Each structure stands twice: as structure tokens, then as C-alpha cells.
Amino acid sequence: MPVSEVPVAILQGEKAMCLRDYINEERKQKGLSPINDHQIILVGSNPLPCYVAAMSLRPKKITFVCSKATMVFAEKLKIMLDKEGIGCCIPDGIDETCSTSEIAKTINAIEGVSDTGLHYTGGKKTMSVAQVLYEHGFI
């Protein structure tokens, strides 16, 4: 079953299982490591996909990467997720979201970046592309 079709809470026998646990169970059966406890989430002008990802995956820590223009959305997300017990941090907003070097600089400054997960449906297209390029060592 594709992950997009899996509800946030899944009934396994008589107990409900959160999406994170379900994904980890599936990954374990395939011999893969569990999803990371630290997620980087790119924030654009629509924070809903970021919130859904955070509530579904329930990482212990989230780092929001955003522009100065979308900082307000990241701050609101942080307030909501702090109430849910999910620790969030927001580095300084990126001045120029079309600059891969600015995006790479922000990502490089994130502590433990080599061992994080990435949710990239938010943010500008350039931010998403720069993140993928960074992940593959091109920038």
C-alpha cells in the first residue's frame, strides 16, 4: 500500500499504530533502518503539508528551513508543534531562496544534518532542488 494511502492511525489487531510506527515496521521488514528522529522541513507559503508531515511522522526534532518571507509560517508551526511535544528550531530565514549557495549554507549549519530526514513538499522549488543537490553532494 503506498504511504499516501495509509491513514495517520492504523489499526493493527486491537491497537492503533501511528504512521511513524507503521512506516518503521514496514522498513524493518524490508531490512531498512527506521526513519530519522530529526526531520528537516522546508516551509513555503502553505504550511499545511509541513504540519501534516510533522503530525504524521512525529519526529523528536524538526528544523524548519524557510525564507524571511515565510518565517511567520514556520513560527506558527513551531508554536503548534511545541504543544504536541515535538521540538522545533528555526534557523535564520534565507535571504535569497533562489540561491543554492544560501540554501546550502543554511542546511550545512544544521546540527547533525547528515543524519536527518527531509520533507520537501513545502518551500520554493529552488529550495527543494537545492536540498536534493546537497543530499547527493553536488553543493
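C88 is buried (under 20% relative accessible area, where exposed is over 50% and partly exposed is in between, with a 1.4 Å probe and protein chains only), as its relative accessible area is 11%. The model is a predicted one, in which local features need pLDDT of at least 70 and side-chain atom pairs count only at pLDDT 80 or more, while totals for chains, interfaces and linings use all residues. Residues are numbered from 1 along each chain as its sequence is written, and side-chain values use heavy atoms, with hydrogens and water left out.

C88 sits in strand 5. Helices (H or I, at least four residues) and strands (E, at least two) are DSSP runs, numbered from the N terminus. If neighbours within four places in sequence are set aside, C88 is in contact (heavy atoms within 4.5 Å) with I62, F64, K78, L81 and D82. Between the C-alpha atoms of C88 and K60, which are 28 residues apart along the chain, the separation is 8.6 Å.

**The chain as a whole**

The chain has five helices and six strands. Read from the N terminus, the order of elements is β-β-α-β-α-β-α-β-α-β-α. Of its 139 residues, 40% count as buried. Among contacts with a separation of 6 or more, 60% come from residues 24 or more positions apart.

**Helices and their buried residues**

| Helix | Residues | Buried residues |
|---|---|---|
| Helix 1 | 19-29 | L19, R20, Y22, I23, N24 |
| Helix 2 | 48-57 | C50, A53, A54, M55, S56, L57 |
| Helix 4 | 100-108 | I103, A104, T106, I107 |

Seen down the axis of helix 4, the buried residues fall within an arc of 160° (taken from the directions from the helix axis to the C-beta atoms), so they line one face of that helix. On the other side of helix 4, S101 and K105 are exposed.

Helix 1 is followed by G31, whose phi is positive, near 80°. After helix 2 comes R58, with a positive phi near 45°. Most residues other than glycine have a negative phi. R58 is a residue other than glycine with a positive value, and it lies in the loop between helix 2 and strand 4 (61-66). R58 is partly exposed, at a relative accessible area of 32%.

**Helix 2 against helix 3**

Two packed helices are described by the angle between their axes and the distance between the axes. The axes of helix 2 and helix 3 (residues 71-83) come within 11 Å and cross at roughly 20°. Axes here are lines fitted to C-alpha atoms, for helices over the stretch in contact, and angles run from 0 to 180 degrees between N-to-C directions. Helix 2 and helix 3 are therefore roughly parallel to each other, a term for angles under 35 degrees. On the helix 2 side the contact is made by C50, Y51, A54 and M55, and on the helix 3 side by L77, M80 and L81. These contact residues divide into seven nonpolar, no polar and no charged. Ala, Val, Leu, Ile, Met, Phe, Trp, Tyr, Cys and Pro count as nonpolar, Asp, Glu, Lys and Arg as charged, and the others, Gly among them, as polar.

G93 lies in the loop between strand 5 (87-89) and helix 4. G93 is buried, with a relative accessible area of 10%. Beyond neighbours within four places in sequence, G93 is in contact with C66, S67, K68 and M71.

Notes
Angles under 35 degrees count as roughly parallel, over 145 as roughly antiparallel, 65 to 115 as roughly perpendicular and the rest as oblique.
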